[in-house]
Amino acid sequence: MTSIQCPDLEVLFTELEAGEGASLEHAASCPLCSAILEEHRQLEKDLYRLADPLPPPTLVANVMARVATEPTPLRRELWAGLSILVASLGVGLGLLISNDQALSRLGTALAALFTDGKVLIQGLASGASAIWNTAAGPVAALLVVLLIVSLSGLKRLVGNGPHPSEA
Amino acid sequence: MNALTLNPLGDIAQAIGSLMAEEAPALPWKADVQAARRGDPSAFEALVRSVQRAVYGLALRLLNSEAEAAEVSQEAFLRAYQNLHRYDESRPFDLWVMAITRNLCLDLLRRRTKVRTEELDPMKEVLPSGEASLEEGAIARQERQSLEEAMGTLSVEDREVLALYYVQKRTTKEIAQLLGCAPGTIMARLFRAREKLRKKMTPEEPT
Ligand SMILES: [Zn+2]
């Protein structure tokens, strides 16, 4: 009788979730739909009563035993970040010291950057964030020094470096 | 003893950071995560304790095996520890570990189906065929045990979404975040899973 106008179940339940809608209004006066809603309500009630089982009591101890053999998360990152920073600092200083060969070295450095640039950038990013988390102050100071050194180096490079076309 | 704590500027930066974060919703796991990153085992243990039930519960629903669920939960916590620096503190810690757990479970299930194809099917025969009260056909009369059993016969996807929504009381938004899909998809999936369960729970209707 009323079933011809009965809404799609999915629509009905979506409206039930929203709390309003034409299908929900229909269900209020339709015995078929209200029976489905009642069945649904009962199932939901039972489902909500289910609880997650307790994990085995040894779980935490087992996890902590395995964690104890691991390096500290931050220290691991710190070392990776530091080694990369030191390496790039070394390259930068090398560029400044050996001024006449600077451009050719820059070329090889760039080539190296192209080959494993992704790894380098990823490492740098996580390392830098780790360092920043622990020592924001000194890192900021170091960055300023690094910037000044690089700028002055760049100035010298532009000032008396070999002409690009000769390289 | 820790050189990292001798850092007044860092502390100031941290203080400013916490001041700025004051209007944001409380992040209960944040302090423990930061302490754990610096190597404080008791902080990580507190984190494990706070989410172990949700993690183990999810693993058990997905794997249907207590031994495997315990093993995978351990592995998930270990990976969480190893990747703690990648964790974004603004997102719920429990959901992050659950996502790791879920990936490990799905890997295991994939390997499992390669080894043995259809060993889980006999479960269906174990199900009681509604001897209790056929005339009422009522889900409400069913024992909790049989609801668990009926859930156990559903597909992994159906079990997962039902368990997260009803047992762990996650919002559809949280589930969507965990499963990597739109909240609308979760509603539809939830609906289908529940309908399958309703059919399993309702004894065959006399026509
Ligand atoms: Zn109707």
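## Close-up views of a predicted model

**Figure 1. B:N64 sits in the loop between α3 (41–63) and α4 (66–82) of chain B.** The model shown here, as in every view below, is predicted. The phi angle of B:N64 is near 55 degrees. That is a positive value in a residue other than glycine.

**Figure 2. B:K169 is a non-glycine residue with a positive phi.** Its phi is about 55 degrees. B:K169 belongs to the loop that runs between α8 (156–167) and α9 (172–179) of chain B. The relative accessible area of B:K169 is 44%, which makes this residue partly exposed.

**Figure 3. Helix α2 of chain B and the glycine that follows.** Helix α2 of chain B covers residues 30–37. Its buried residues are B:V33, B:A35, B:A36 and B:R37. Just after α2(B) comes B:G39, with a positive phi of about 100 degrees.

**Figure 4. The zinc ion has four protein donors, A:C6, A:H26, A:C30 and A:C33.** The three cysteines, A:C6, A:C30 and A:C33, each donate through SG. A:H26 donates through NE2. The donors lie 2.1 to 2.3 Å from the zinc ion. Angles between the four donor atoms run from 103 to 116 degrees, so the arrangement is tetrahedral. For comparison, the ideal angle for four tetrahedral donors is 109.5 degrees. Along the sequence, the donor residues follow the spacing C-x19-H-x3-C-x2-C.

**Figure 5. A:C6 and A:C33 tie together parts of chain A that are 27 residues apart in sequence.** A:C6 lies in the segment before α1 (9–18) of chain A, whereas A:C33 lies in helix α3 (residues 31–49) of that chain. A:C33 is buried, at 3%.

**Figure 6. A:W79, A:L82 and A:L85 form a nonpolar patch on the surface.** Together, A:W79, A:L82 and A:L85 have about 300 Å² of accessible area. One of them, A:L82, lies in helix α5 (residues 73–97) of chain A. The relative accessibility of A:L82 is 35%, so this leucine counts as partly exposed.

Notes: Residues numbered from 1 in each chain as written. Chains lettered and ligands numbered in written order. Predicted model: local features only at pLDDT ≥ 70, side-chain atom pairs only at ≥ 80, totals over all residues. Heavy atoms only, no water. Buried < 20%, exposed > 50% of the residue type's maximum accessible area, 1.4 Å probe, protein only. Helix = DSSP H or I, 4+ residues; strand = E, 2+ residues; numbered from the N terminus. Donors = N, O, S within 2.8 Å, 3.2 Å for Na, K, Ca; no water. Tetrahedral: all angles 85-135°; square planar, octahedral: opposite > 155°, others 65-115°. Patch = residues over 30% accessible without salt bridge, like charges linked within 9 Å, V, L, I, M, F, W, Y side chains within 5 Å. Areas by Shrake-Rupley, 256 points an atom, 1.4 Å probe, with all protein chains shown as cover. Salt bridge = Lys/Arg side-chain N within 4 Å of Asp/Glu carboxyl O.
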